[in-house]
Amino acid sequence: TSGRSGKSIMRVRIEPSSAVGSVFAPPSKSIAHRALICAALSREASIDNIAYSKDISATMDCLLKMGAQIEQENSSVKIGGLDPFCIPEGCELYCNESGSTLRFFLPLCMLSGTKITLKGSERLLERPLTVYEDICKEKNIYIEKNNRRQ
């Protein structure tokens, strides 16, 4: 149809209906961190469409060191078996440069009741962790933030 200006106008009629089909969402690093940690806390779960990166590798490595079982096949991961109350004493977790890894693992480490060391790049350790420091102080949990190279 043409309007007064001579330009074409599209007329669309929308009627009530049901949505049918499926959506393939692009991989998200932010969601992958959360999905991997949640799935690790289950007996066994599968996650598809993981886009691997240094940050996701840091999260997966930390989960392994804490006791999770992980099997990778292409962009899929089978994961589970992490008991946050049975983390090996003296466990060292390397977060690389991943702020998400550091921030998501701090609460898990606080649950463990054991000494756990979180390490990362110098830049990562310069980031503020005030919320966690305040929680630890309130709950009498010892936390030491050391930005020195070792």
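Select strands β4 (residues 91–94) and β5 in this predicted model: they run parallel and are joined by 4 bridges. Strands pair if DSSP finds at least two bridges between them, and strands (E, at least two residues) and helices (H or I, at least four) are DSSP runs numbered from the N terminus. Within this pair, Cys91 stands opposite Ile116 in β5.

Next, show the side chains of β5 (residues 116–119).

Move to Ser112, in helix α3. Because its relative accessibility is 8%, Ser112 counts as buried. Apart from neighbours within four places in sequence, Ser112 is in contact (heavy atoms within 4.5 Å) with Pro84, Phe85 and Ile87.

Then select helices α2 (residues 54–66) and α3 (residues 99–112), whose axes come within 10 Å and cross at roughly 20°. This crossing makes α2 roughly parallel to α3 (angles under 35 degrees). Axes are lines fitted to C-alpha atoms, for helices over the stretch in contact, with angles from 0 to 180 degrees between N-to-C directions.

Finally, display Asp55, Ala58, Thr59, Cys62, Leu63 and Met66 in α2, which meet Thr101, Phe105 and Leu108 in α3.

Residues are numbered from 1 along each chain as its sequence is written, and side-chain values use heavy atoms, without hydrogens and water. Local features need pLDDT of at least 70, side-chain atom pairs count only at pLDDT 80 or more, and totals for chains, interfaces and linings use all residues.

Notes
Angles under 35 degrees count as roughly parallel, over 145 as roughly antiparallel, 65 to 115 as roughly perpendicular and the rest as oblique. Buried means under 20% relative accessible area, exposed over 50%, partly exposed in between (1.4 Å probe, protein chains only).
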